[in-house]
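Dear colleague,

I am handing over the structure below, and my notes on it follow directly after. Please read them with the coordinates open.

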Amino acid sequence: MLDIDNFKSINDQFGHPTGDAVLKDFASRLKAELRETDLIARVGGEEFAIILINADMNTGKNVANKIRKSIEENTFGIDNQAIKITVSIGITLLDSKLNSYEEAYKYADRALYTAKMKGKNRVEMSG
């Protein structure tokens, strides 16, 4: 699970059309960081779910940190505005210990919440 930190402030400062453009650019950048076999979906608002196919927890953590650093280090140029954002990410491992995607979602969402509570712009693990 991945959430853009303080996204409401982008909409408030630059307007919703700019916020929408940031989301589109952000989604394109996420897709570029992933393998063709991985899955990405916008869950709602500024929250996304990513499923890394055939990946262990270490791989998941490495990919999450790569995404986090890439987003933090780059600027989103929208309508002559330079916009900087960060993301918080919660990860879990979907394996034989978890019964369903819903259960994995719950663990990843809990880890995302922990990342937000610990100061944002970070990766946390759960499960």
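The chain has 127 residues, for which a compact globule would have a radius of gyration near 14 Å, and because the chain itself has 14 Å, the two agree. Along the principal axes, the C-alpha atoms fill a box of roughly 50 × 30 × 20 Å. Please keep in mind throughout that this is a predicted model, although the average pLDDT of the chain is 94, and 100% of the residues score at least 70. Confidence is lowest in strand 4, residues 75-78, where the mean is 90, and highest in strand 6, residues 87-91, where it reaches 98.

As for the fold, the chain contains 4 helices and 7 strands, and read from the N terminus these elements follow the order β-α-α-β-β-α-β-β-β-α-β. When contacts between residues at least 6 apart in sequence are considered, 57% of them join residues that are at least 24 apart.

Between the C-alpha atoms of Asp56 and Ile89, which are 33 residues apart along the chain, the separation is 16 Å.

Met57, in turn, has its place in helix 3, and at 23% relative accessibility it counts as partly exposed, since buried would require a value under 20%. Leaving aside residues up to four places away in sequence, Met57 touches Ile91, Thr92, Leu93, Met125 and Ser126. Thr18, on the other hand, is 39 residues from Met57 along the chain, and the C-alpha atoms of the two are separated by 35 Å.

A positive phi is also found at Asn121, where the angle is near 50° in a residue other than glycine. Asn121 sits in the loop between helix 4 (101-117) and strand 7 (123-125), and because its relative accessibility is 18%, which falls under the 20% cut-off, Asn121 counts as buried.

Finally, Asn11 lies in helix 1, which covers residues 7-14, and with a relative accessibility of 14% this residue counts as buried. Once residues up to four places away in sequence are set aside, Asn11 touches His16 and Gly19.

With kind regards

Technical notes:
Residues are numbered from 1 along each chain as its sequence is written. This is a predicted model: local features need pLDDT of at least 70, side-chain atom pairs count only at pLDDT 80 or more; totals for chains, interfaces and linings use all residues. Side-chain values use heavy atoms; hydrogens and water are left out. Helices (H or I, at least four residues) and strands (E, at least two) are DSSP runs, numbered from the N terminus. The radius of gyration is taken over C-alpha atoms; the globule rule is 2.2 Å times the number of residues to the power 0.38. Contact means heavy atoms within 4.5 Å. pLDDT is the predictor's confidence in each residue, from 0 to 100. Buried means under 20% relative accessible area, exposed over 50%, partly exposed in between (1.4 Å probe, protein chains only).
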